[in-house]
There are 2 protein chains.
Amino acid sequence: MAKDKGSQTKATRRPKAENPRGFRDYFGAEVTERKTMLDRIAEVYHLFGFDPLETPAVETVEALGKFLPDVDRPNDGVFAWQDEGDWLALRYDMTAPLARVAAQFRNDLPSPYRRYAMGPVWRNEKPGPGRFRQFYQCDADTVGSASVAADAEICAMLSDTLETLGIPRGDYVVRVNDRKVLNGVMEVAGVLDPADPDRFASERGIVLRAIDKIDRLGEAGVRALLGEGRRDESGDFTKGAGLGSEQADAVMGFMAARRDSGAATVARLRELVGASAIGLEGVGELEQIAELLDAQGYGADRVMIDPAVVRGLGYYTGPVFEAELTFEILDEKGRPRQFGSVAGGGRYDDLVKRFTGQTVPATGVSIGVDRLLAALRAKGRIGGETVGPVIVTVMDRERLADCQTMVAELRNAGIRAEVYLGNPKNFGNQLKYADKRNSPVAVIQGSDERARGVVQLKDLYLGAKIAAEASLEEWKSQPAQIELPRGDLVQGVRGILGRY
Amino acid sequence: MAKDKGSQTKATRRPKAENPRGFRDYFGAEVTERKTMLDRIAEVYHLFGFDPLETPAVETVEALGKFLPDVDRPNDGVFAWQDEGDWLALRYDMTAPLARVAAQFRNDLPSPYRRYAMGPVWRNEKPGPGRFRQFYQCDADTVGSASVAADAEICAMLSDTLETLGIPRGDYVVRVNDRKVLNGVMEVAGVLDPADPDRFASERGIVLRAIDKIDRLGEAGVRALLGEGRRDESGDFTKGAGLGSEQADAVMGFMAARRDSGAATVARLRELVGASAIGLEGVGELEQIAELLDAQGYGADRVMIDPAVVRGLGYYTGPVFEAELTFEILDEKGRPRQFGSVAGGGRYDDLVKRFTGQTVPATGVSIGVDRLLAALRAKGRIGGETVGPVIVTVMDRERLADCQTMVAELRNAGIRAEVYLGNPKNFGNQLKYADKRNSPVAVIQGSDERARGVVQLKDLYLGAKIAAEASLEEWKSQPAQIELPRGDLVQGVRGILGRY
């Protein structure tokens, strides 16, 4: 706008009524459906002993850790601005604020600290179809417990959460892996040197990214990336990790290590990590997680050990998990595909250390609220038509007070109702309004009805059905409209509402 | 931070674990109490036919209307930043985004459009004690209805909302006034010229501010400000509006115009506005509002006409309202004072016009969520101790799976419970943790109890009471700890929970 400064048109130009790029509004049922889902999730989290935490949307860039030393402005990816010398930014996830809180209130919080957080986060990224720059996250984390029982608990809670939301057993699975096992395999594959952890970092990055692409590239594609590299259909060449054939076998074997039972998978992983100390530690953790889950009644049909789970974020240090919906939906081209991941997380033992210098073990999960909502909609679990309010129409502007009396009676009986508040002159507009609100009943009382002490009730759903389907005879008989004594208003409206 | 650039210390300096100035975190019950309150308010709004709307936190500065033509940066008061040439900002209230939505979706929304919105807003203002730069607002507005029935409905809904939240009739009152009546009085007082509405704007500002200060300055102080001016205790002089004695009488008479019934107040106001056309229009509106509220059963004990209500915002164009809590609380110095205003609003017919050029009538209310929470706390309606989760203690790290089985049984029975996930070595730490969580019951099973097939349940509330009050005999008899068969775990825990 600054470039317009001083131009004559500016003073008279009207502002545009638009969201900023990548932001959107949510109306009616979109709001209540999400709220209902978050409420149910919160109930499960509460049952597991987690407490709510609400941090502000705004953090210092310093606390978020998104300030690069070489640039004057914060890193891309966050919305940031300068406030009297300090850089502030909108939170981009719920984990960074939790790390700040865990450090700031370390002397006051119970330890371990189980907390959940739900709310919007903001990403300064290029928006795309279905990709917004503000979206909801719903996280649960345990800070201060080094025990894998904390990881097992998060997996159990995730399983319960999905079932509570109406996703039946068999339609989802929580997959668990361990970064330490992965590191063990890296060691066996010769791209991790325990004596010099920073060495081979670039090769390990290539291996991780290759594993993550197995669904898209297939075995041969991943093998090419583990070795010299891969040329795609367009002719572009991606450099590989340079593993020899045996080393690549170790990695490929790891990804195919899943067996029918957790115990069998663990046994296979133990073979694969060989003498790697870190690998064996990881295998032991997975074994313990499987045992703890078993003790709580979570079998492999709900939570399973799956070595193919990687999870992108570099900061995970132990167990990682991912909840996947296994039912098929139709994609935009009408082809069936698995719905895929709706939640993920893992153990991150170093986040609080940034602030205090002390390692604080932590583990947690983040549910992709909007993806999960989309899944529930795809399964028809939510998203039915919402029943609108009863509309008391206005036949005579001078008798508005009578309408208010009727609407107050309905509300006092717990029935959602409103008086038509637009210009009442055109009755057709009132019915159009009722239709737009998906109103089930219109209440009508003209001077004739008032004189006779009656009201008319119009069943708008039945009326719409008849208008679409009925014969002339049915149409004339007006079964959708009934007349009853004024004193029976509430009872009559209840009767029609009972049909829907 | 930029000034540190290049300094050696920077790379090693740890970030501060702090909120930005004026922001805070909300923990546990602080979050759930607010949520419960907002849920109840939403139920009332829903019953009245209002639909939820959730707009994003971020708007263009242009849409918010906070960009002054003479400056490069947005006006003070908002948090704003530049994003690829556009200025974006955090919303500072819920009304500006509603105006944008009403303009943007004017062809799709029902008209009238009743919507409610609840969530945080942000103000780039100097924080103070109890004054934060992020706080909650909870608004309901009707856009597209010129009828004062819409204003009356908002007042009725506000009254229902307060009662639903546990504020009994008599402890609150919704006061209603009308800007048009005020303008009529201004006309009589000679500081409003209908033929030249911009004339005397500065004098009217002084009159409005003087009326708003009646509680603090008393009648004499206000009279001084209406006349030549007022010198305060410190000797500072505030210039007055320069009204003559008769003109000042008109304004003072207006403020004292409240009578026992709405009808009597309206009659008095009609005398005061004399021949002013705008004043008579306003009196007519107040009369109609009182009549509509009466028809719905809202008497003057709930909603009353009160000419002393002004409301600061310049944009109100008709009825204005304010909900006040009338009970006394003790202020920070222990003196009783009325709690005061917790919600306010009014009619603003020009906000949407900024975007479309067309006047769209609108009216609405905003509830000060945090003030209302404070009021409910002051009245003891919320804020009791929260019962924490049952804690299953860990006596033997190797038997963690047994603990998980117990906790799963409790949760499956709907009892909030968790296993202690810290280092179990020190049992005292486990009880300290249970205490910090305000846990009612600790479950204990050592190897001896396991061998005998029993568990110990410790009633922690009773235990704390005994520790504080009991004689040595009572203390030794340990009534707070019971032993029961392992199979009776759920039943036993339920028994203790039933005591609280």
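Colleague: Which strands of chain B form a hairpin, and how many residues lie between them?

Modeller: In this predicted model, strand 4 and strand 5 of chain B form a hairpin with two residues between them. Strand 4 covers residues 80-83 and strand 5 covers residues 86-90; the two run antiparallel and are joined by four bridges. Within this pairing, B:Trp81 stands opposite B:Leu88 of strand 5.

Colleague: What is the phi of B:Glu84 in the turn?

Modeller: Most residues other than glycine have a negative phi. B:Glu84, in the turn of the hairpin, has a positive phi of about 45°. In chain A, A:Phe200 likewise has a positive value, with phi near 65°. A:Phe200 belongs to the loop between helix 6 (179-188) and helix 7 (201-212) of chain A.

Colleague: Is the peptide bond from A:Ser111 to A:Pro112 cis or trans?

Modeller: The bond from A:Ser111 to A:Pro112 is cis, with omega near 0°. A:Pro112 is in the loop between helix 4 (95-104) and strand 6 (113-122) of chain A. In chain B, a cis peptide bond joins B:Ser111 and B:Pro112, with omega about 0°. B:Pro112 sits in the loop between helix 4 (95-104) and strand 6 (113-122) of chain B.

Colleague: How many residues does the contact take from each chain, and what area is buried?

Modeller: The contact takes 105 residues from chain B and 105 residues from chain A. The area buried between the chains is about 9,100 Å², of which carbon and sulfur atoms give 55%. Between chain B and chain A there are 53 residue pairs in polar contact, both residues being at pLDDT 80 or more. On the side of chain B that touches chain A, helix 2 (residues 29-47) gives the most, with seven residues. The residues of that side divide into 49 nonpolar, 23 polar and 33 charged.

Colleague: Which strands are joined between the two chains?

Modeller: Strand 2 (residues 51-54) of chain A and strand 1 (residues 26-27) of chain B run antiparallel and are joined by two bridges. The bridge partner of A:Glu54 in strand 1 of chain B is B:Tyr26.

Colleague: How many salt bridges are there between chain B and chain A, and how many over all chains?

Modeller: Side chains of opposite charge can pair when their charged atoms come close. Between chain B and chain A the count is 18 salt bridges. One salt bridge joins A:Arg437 and B:Asp51, whose closest N and O atoms are 3.4 Å apart. Over all chains, the whole structure has 80 salt bridges. A:Lys379 and A:Asp171 also meet in a salt bridge, at 3.2 Å from N to O. A:Lys379 lies in the loop between helix 13 (369-378) and strand 15 (390-392) of chain A, and A:Asp171 in the loop between helix 5 (148-164) and strand 8 (172-178) of chain A, so the pair ties together parts that are 208 residues apart in sequence.

Technical notes: Residues are numbered from 1 along each chain as its sequence is written. Chains are lettered from A and ligands numbered from 1 in the order in which they are written. This is a predicted model: local features need pLDDT of at least 70, side-chain atom pairs count only at pLDDT 80 or more; totals for chains, interfaces and linings use all residues. Side-chain values use heavy atoms; hydrogens and water are left out. Contact means heavy atoms within 4.5 Å. Buried area is the accessible area (1.4 Å probe) that two parts lose on being put together, summed over both. A salt bridge is a side-chain nitrogen of Lys or Arg within 4 Å of a carboxyl oxygen of Asp or Glu. A polar contact is a pair of N or O atoms within 3.5 Å; within protein, one must be able to donate a hydrogen and the other to accept it, and residues adjacent in sequence count only if both atoms are side-chain atoms. Ala, Val, Leu, Ile, Met, Phe, Trp, Tyr, Cys and Pro count as nonpolar, Asp, Glu, Lys and Arg as charged, and the others, Gly among them, as polar. Two strands pair if DSSP finds at least two bridges between them.
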